[in-house]
Amino acid sequence: MVRKLIQILLVITCTGLYGCKKEDPAETAAKAFLDAMHEGNYEGMINGSDAEISQLLENTYSTDTLLENYPEEELRQKFEEYRTKAISSQCQSYTIKSSEKDKDKNQTVFQIEVTQLDMDGMETSYTLDDYAEEHKDEFHDAEKLPEEEYQLFLMKSALDYGSALIDKASGEKKTTTVTGTITVTGNNDGTYEVTNYSLSSD
């Protein structure tokens, strides 16, 4: 009797009150990409996109690519921490507004709205000169370093400034909203990947 009651409840749940709607795998892929961006998850974005977008991300954010001449571990770690913040700043939140399917191409284009940190606005109120003034003693001391060490100092300072900018924009809730599209394409093996991502200011 109890087992039969449970079975009835499951049927009601799946067909009546709530519905057991299976999410579109293309939408799942789009959300996974945007969630990874929101979390600052570089690898997650790479894994969810096609070769072209992956290459674009690597060119922009790959530690090995950007720091190939800087083997120092502390700098690499600092860059990866900054990378997480920088990626996340581009997607504080998002909403999928609508979608359009092209069955012939097994492709779906999602119209999205994304809230980002307003880094351009923040940069005008907290400039690199402001940062340098706050750390003038460190900059003064660094000028006495050998050239290689001085270049490392400048790289670290640039990352510190970028992180400080993001923190200030976040703390002051300086955001902007943009709209755009994310395109997801289904592959022959049943997997789905982001094949285009484009934003434009409102």
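**Close-up views of salt bridges in a predicted model**

**View 1. The side chain of K31 and its salt-bridge partner E23.** At a relative accessibility of 26%, K31 counts as partly exposed, and in this predicted model K31 forms a salt bridge with E23 in which the closest N and O atoms are 2.9 Å apart. E23 counts as partly exposed as well, with a relative accessibility of 36%. The pair belongs to a network of salt bridges that links E23, E27 and K31, and the structure as a whole holds 11 salt bridges.

**View 2. The salt bridge between D24 and K101.** The closest N and O atoms of D24 and K101 lie 2.5 Å apart in this salt bridge.

**View 3. The salt bridge between E74 and K156.** The side chains of E74 and K156 meet in a salt bridge with an N to O distance of 3.4 Å. Because E74 lies in helix α6 (residues 73-89) and K156 in helix α10 (residues 147-171), the pair ties together parts that are 82 residues apart in sequence. The two partners fall into separate accessibility classes: E74, with a relative accessible area of 47%, is partly exposed, whereas K156, at 17% relative accessibility, counts as buried, because buried means under 20% relative accessible area.

Key:
Residues are numbered from 1 along each chain as its sequence is written. This is a predicted model: local features need pLDDT of at least 70, side-chain atom pairs count only at pLDDT 80 or more; totals for chains, interfaces and linings use all residues. Side-chain values use heavy atoms; hydrogens and water are left out. A salt bridge is a side-chain nitrogen of Lys or Arg within 4 Å of a carboxyl oxygen of Asp or Glu. Buried means under 20% relative accessible area, exposed over 50%, partly exposed in between (1.4 Å probe, protein chains only). Helices (H or I, at least four residues) and strands (E, at least two) are DSSP runs, numbered from the N terminus.
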